[in-house]
Amino acid sequence: MAATNSKAIDGLVQGKYRYGFVTDIEQDTIAPGLDEEVIRLISKKKGEPKFLTDWRIKAYHQWLTMTEPNWAHVRYQPIDYQSISYYAAPKNADDGPKSLDEVDPKLLETYEKLGIPLHERARLAGVAVDAVFDSVSVATTFKEKLAGAGVIFCPFSEAVREYPDLVEQYLGSVVPLRDNFFASLNSAVFSDGSFVYVPKGVRCPMELSTYFRINAANTGQFERTLIIADEDSHVSYLEGCTAPMRDENQLHAAVVELIALKNAEIKYSTVQNWYPGNEEGVGGIYNFVTKRGDCRGNNSKISWTQVETGSAITWKYPSCILRGDNSTGEFYSVAVVNNFQQADTGTKMIHIGKNTRSTILSKGISAGHGQNTYRGLVRMMPSAKGARNYTQCDSLLLGDQCGAHTFPYVESRQHTAKVEHEATTSKISEDQLFYCRQRGLSEENAINMIVNGFCREVFKELPMEFAVEAQNLLNVSLEGSVG
Amino acid sequence: MLQIENLHVCVEDQPILNGLSLEINAGQVHAIMGPNGSGKSTLAQVLAGRDDYKVTQGSITFYGKNLLEMQPEERAHLGLFLAFQYPTEIPGVNNAYLLKAALNAQRAARNEQEVDAFEFMNLIKNKMEMMQIPKTFLNRSVNEGFSGGEKKRNEILQMLTLEPSLAILDETDSGLDVDALRIVADGVNNLRSPERSLILVTHYERLLELVVPDFVHVLAGGRIVKSGDRDLARYLDEHGYDWVQTEVSAQ
Amino acid sequence: MNTEILRKEFESRMAQLPSQGKDHEFRRKAMDAFYSAGFPSRQWETWKYTDLKPIASKGFQLIPKESTDSAHETASKLLATCDLEAEPSRLIFLDGHHVPALSSEITTTGLRLSMLGHPGLKNRSAFSKHSSKNFKEHPLAALNAAFSTQGVRIQVAEKTNIDTVIHLVFLDSNLENQTSQPRILIDLKAESKITIVQHFLGAGSNSGWTNSVTEISQARSSDLTLYQLQEHGTEHFHTGLLYSSLTSDASIKLGFIDLGGRLTRNDVQIDLDGAGAKTELFGVFLAADGQHIDNHTRIDHRAPETKSIETFRGIIGDRGRGVFNGKVVVHPDAQKVDAQQSNDNLLLSEKAEIDTKPELEIYADEVKCSHGATVGDLDAEQLFYMKSRGIKESAARGILIFAFANEILKLIGLPKLRERAILGVADHLPSHDRLGVEL
């Protein structure tokens, strides 16, 4: 590519991180370090029942026996787990705000700055928001309206108090406490997150959304999200994430569990924009996340859509266990790395039920010194008669210092199942660039437009509000482009 | 408007144009004909600013400015338009979006007011009807899955919308049936005016029956070897290019 | 067969191993490398789907005994089935030993063949400059280097085009626990050209183990075609590493046909080290009746304008298991690389299994790389279409399976070898599908 092109690419990828501010707020923090006492303290602070305290302790002992995974195509300095603080909360949140009026105005201001106004009157109609600030949920909106429909949408810690039976029944049923190093750590120390239960036959009347914000220094964020869609129900859930600009790396190790019962559908969308570190690769979030959905009932469907633009390192594989007959799993992903970001992301589709279907569409964009890896598994179990998978992984390279890697695993033990996988890697097409420029577009705009087009199939899976944010993150104008 | 003097061009060290000169004034229509491999498309691509082509000698002046120093988009802003022989497919970018973005980029460069979505639709409505392009076309990705004829009509739609002062049609007639050729010709004729000039690069005479040129040039061996009026095109159609080659080698 | 026992065996028998100059030292280095790595386990990412325990747990005779008369009789019978075009240009190895009596005299200008371990012939070292670099990744190649008793070094002089096809035939006369560890070193000087066939052929159902190493060095603009036809007996184990390093504008065409054996693992490592080097790599593997066949290929594009095309097809029936892993790495500054890979697999029965993993690792931007993989049974539409035209099910299946394999087999440039491979595929089709194929 000509030198002029690389200048335009720099313009594209060097958009400043807009969410790097710090909120100066009084914090209740547990001193750095991790032992059984710390876990008991977290559990006590949250007033948890015994089963949960025991569960945490069990996870902690499991974690002690495990070693950090090293198979991902990422490199980082070893993490000192004793230097992290495992709990941070805005001080007055101990008892939990009863309404928005009790929420610290500084927090409300924070969310205004992030573009997530929590006051109902100012909010986008039709989206209920749960805001998680460091370790605790600070506000959940539209709760009453949702309750009218029978939908439970609340902070995880509240669900533990109010609906302990549901939590006990489903927690760890998709991601067991011994699942992997980071999931076990999360199971031991998780702080807060969102809980959703959609009862039988209910179509959730609005989009549910959680906005995660890391604010405190030297803390890890370990949220836990549990979404249960009972028979014949439907829910669409969105999450967004931001963090201040800090020189040290911060660990984010979340676990998300989705359960879809018979005929239920869960759509889970993420726009992940944690602080990616600076141009030299200093600082940024380590985003080591376990996300898994269980299509437990027949004809159920779980759809993951993710736009990953942030984090210094991303390690996540939102997956589907297609247990119910005729169940469907989907994974739509755009992952962008620039500067020194590294992403190792993809999905697992485990086909167990008959006639199960899965679709994987992954678009990776690498720029700067970024390293972008798609890692995926499609497994057809002997019981998965007539199952189908289609996978398409495309990588686009912007610059000669970055990398794009594709590691798909296909395992089939059922001859009537069909798997198709295709992958391509290339740089941006000179022909397309020239065509756009001949029509009068600047090189930068032409690149924006082509990159946006490259991601379009994924963007169109996002709810409208998020599609806008996602495209803005790619520095591309939405206008008219999403048809 | 456009002066090409003694133009020499190489592709991968292979000389393609060897001293081509041509002058085009406002309002004129020039046809450039020639056998395969004579350098017709190379000329079109060089004018539009494709950088795989290396100009080793000569000059091109457009409105008194050195065209060779300009980026492709700067040439477009000055009113130069190329209807591509093989229009590129751009997956995921819809047709209407590209066209509107291009129109506004050019308007902005000329300090003109940009158009909004509503004005844009009004602007292209008649042009689409003229080119017999259905509305659904606008929401499809640029040229993706288009037939050959659809691609060519789409190029002309873009030309009509961008209203260039110099349009170069690179074999726009090739692969079109009679009806499609008529539609394309009507579109081109509609754009003709005393201020606008056209370069028709073609292999056949049939387009020139519908879009009548003021000048016809024959390109062979990378140079213009013969110039005349429309009768030259007819003669070429009847007698082929062999005699030109013979004449050239005789010189 | 633990590493300790192997090392002791090595120490006590080392003196009997054919060695030239520094070869003894080299063998010891190889033994050390194997000793520290051991047999690769399934914990290794590259051995995730193939378990070597069936080999490691057996007491193989690593230094083969002298062949008996009855072995020679079996060998002659096996050879009689081979009607391959280069009849006069073949080198025969039996149960781990070169057999001059069965081999042809090959005297071609520009071609030098040196047998490993034959005092009568002019000995050459059994090791090349590439030999040790694979020890860590491929411990079995180290084991081969330590114990190998047979092999050949093939050198083609500059600007020489060898018309004769060289057939290397490795016969196994069905001795229990016998090991054969051939080393084949191929050295092509600039602008030379040759075609070589490696044919592994065995009979019966006693378990033996072939552990081969082929090392190829290709100078500028040289051109190598190499086919490997593997037709071991039903209980034979086969492991092999083919390593090739290509300098500028050199090209290698490789075809792997795997039909026999209980467990087969082919490792292929191609280093495209010089600008413009290219490789065409294809394979057909057929695993039925409890066979396990694993093809592991890795192509490293280390220079600009290098090119690779790779196509493997697997046919898995009965309780067979197929594994494919194709890795393509484009290194920094290796611009204008073109790399295409595909792996298609037919799963023909309830108990059949396939694990495939095409991989791309790309560190340069001006590249065109793609891969594709498919897994599934025969196309129901196609089957129905044929049946509606009056073809019975078993025949229709046979025709479709055969067509699937033949699209690759037709890439074999030697007519008689191609024919043998085609017949071999037909012979090895799962029994219920075999009936349909009439050739």
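## How the chains meet

Among the two pairs of chains that touch, the most contacts are between chains A and C, where contact means heavy atoms within 4.5 Å. Chain B and chain C are joined by no contact, and their closest C-alpha atoms lie 15 Å apart. This is a predicted model, in which local features need pLDDT of at least 70 and side-chain atom pairs count only at pLDDT 80 or more, while totals for chains, interfaces and linings use all residues. Residues are numbered from 1 along each chain as its sequence is written, chains are lettered from A and ligands numbered from 1 in the order in which they are written, and side-chain values use heavy atoms, with hydrogens and water left out.

Between chain A and chain B, 25 residues of chain A are in contact with 37 residues of chain B. The area buried between these two chains is about 2500 Å², of which carbon and sulfur atoms give 56%; buried area is the accessible area (1.4 Å probe) that two parts lose on being put together, summed over both. On the side of chain A, the residues A:F434, A:Y435 and A:R439 supply 32% of the area that this chain buries against chain B, more than any other three residues.

## Nonpolar cores

A nonpolar core is a set of buried Ala, Val, Leu, Ile, Met, Phe, Trp, Tyr and Cys residues joined through side-chain atoms within 4.5 Å, and buried means under 20% relative accessible area, with exposed over 50% and partly exposed in between (1.4 Å probe, protein chains only). The largest such core has 88 residues, of which A:L208 and C:I194 touch the most other members.

## A buried threonine in chain B

B:T172 lies in the loop between β9 (166–170) and α6 (178–191) of chain B; helices (H or I, at least four residues) and strands (E, at least two) are DSSP runs, numbered from the N terminus. B:T172 counts as buried because its relative accessible area is 2%. Not counting residues up to four places away in sequence, B:T172 touches B:A83, B:K152, B:I156, B:V184 and B:V201. B:G92, by comparison, is 80 residues from B:T172 in sequence and 25 Å from it in space, C-alpha to C-alpha.
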